[in-house]
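Hi,

Here is the structure we discussed. Please look it over; my notes follow.

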Amino acid sequence: MEPLYGPIRDYAWGSRSAIALLQGRSVPSEGPEAELWLGAHPGAPASVARAGLRVSLCDLVRDEPGQWLGQRVSDRFGSRLPFLLKVLAADAPLSLQAHPDAEQARAGFAAQAGRPEGERNYSDPHHKPELLVALTPFEALCGFRDPAESAEALAAFGVPELAPVVEALRAGPAGLRTAVRTLLGWPVEQRDELLGAVLASSADGPDAELVRRLAKAYPADPGALVALLLHHVRLVAGEGIWMPAGNLHAYLSGCGVEIMAASDNVLRGGLTPKRVDVDELLRVLRFEVLDDPVRAAQPVGPGVDCWPVPVDDFALHRVRVGAEVPSVTLPLPGPRVVLCGGGSITVDDGAGAVTLASGEAAIGTAAGEPLRVSGAGEAYVATSGLR
């Protein structure tokens, strides 16, 4: 193992305390810190030390795929690390979004080749399923809920213009597409009036409070109403949410560890000043009710939990070591990225041991032996999902 140095992305919605506190730095930070990236994504690759210099992990993986990825991962994913591990810290709501499946991504990327960047929905030919595990209380919108509940929430505003949406939702899941299209297709010049009527209503309760909160952050954005079609979930530390292809979702607040397939393909659906391609979003969305978006950690051994997902791009394990479990050995194949989520841990893959403080990370190549974690703290171990 060797230390891995990840860049911090300064998106406006980021926290000025969460990542700094995780890494033991003073707060508030100088500016918003939204995401700590620990991977080989070309947009912001992490780095390792070589002869006193920082070398991009993206370049190392590309130039030495056999060493860093191993034959199985290289055969399956090519000369790229198939996953990206992040720490995500949100102080303000992110955009409503969904991601294409692998076939949609390949076809969309090929069809839009040559278009100007601002007119493309697909920046690469890969899918982007995601798993987020809360480090702190975490709030999100994730997946369509029972349309009958959404219909009642929208009807409570007493706004006549919403009647077609309410009627569509009362038809059950078959009406979800119509409801989303109607809300996102609302004429721009009428959005102020619509949201104004909603905000002026006497409707009370969690749903009305959510709409008012989102409308304050994104005035005249119909995404504030689309939010009522989704599950509003509140995670405690250790709970996760799985976001497969076609799942409409948005993070609202909190800090978590996120792992995803390494892709930039995002179809936005509101709560954003960025481009929203309604037709393409509707093509990608899966209009089905998600019964329960929350995933509890599943123990797989003393001190070890995981959140199983049905993809082979990535897998995530949490390791807790201390007095009761002083060390854990994980027979997970490389490559492996390890983040210390608290305390102090030592990780050793037979090629070298690295001691990590909270918020620090390390990486091991595919050639390493089973990973040994010891010390007193918590580790998040990211690998490919190939077994």
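Which residues does L141 touch, not counting residues up to four places away in sequence? They are L96, L210, L214, A227, L230, H231, H232, L248, H249, A250 and L252. Touching, or contact, means heavy atoms within 4.5 Å.

On the source: this is a predicted model, with local features needing pLDDT of at least 70, side-chain atom pairs counting only at pLDDT 80 or more, and totals for chains, interfaces and linings using all residues. Residues are numbered from 1 along each chain as its sequence is written, and side-chain values use heavy atoms, with hydrogens and water left out.

L141 is one of the residues with the most contacts inside the largest nonpolar core, which has 48 residues. Such a core is a set of buried Ala, Val, Leu, Ile, Met, Phe, Trp, Tyr and Cys residues joined through side-chain atoms within 4.5 Å. Buried means under 20% relative accessible area, exposed over 50% (1.4 Å probe, protein chains only). Another core lies apart from it, with 40 residues, including I19 and V337.

Next, helix α9, residues 188-200. Helices are DSSP runs (H or I, at least four residues), numbered from the N terminus. Its buried residues are R191, L194, L195 and V198. They sit on the same side of α9, because they cover an arc of only 90° around the axis. The arc is that of the directions from the helix axis to the C-beta atoms. E189, D192, E193 and A200 are exposed on the other side. The buried residues of α9 pack against α8, α10 and α11.

Best wishes

Definitions and conventions:
Helix = DSSP H or I, 4+ residues; strand = E, 2+ residues; numbered from the N terminus. Expected span 1.5 Å × (residues − 1).
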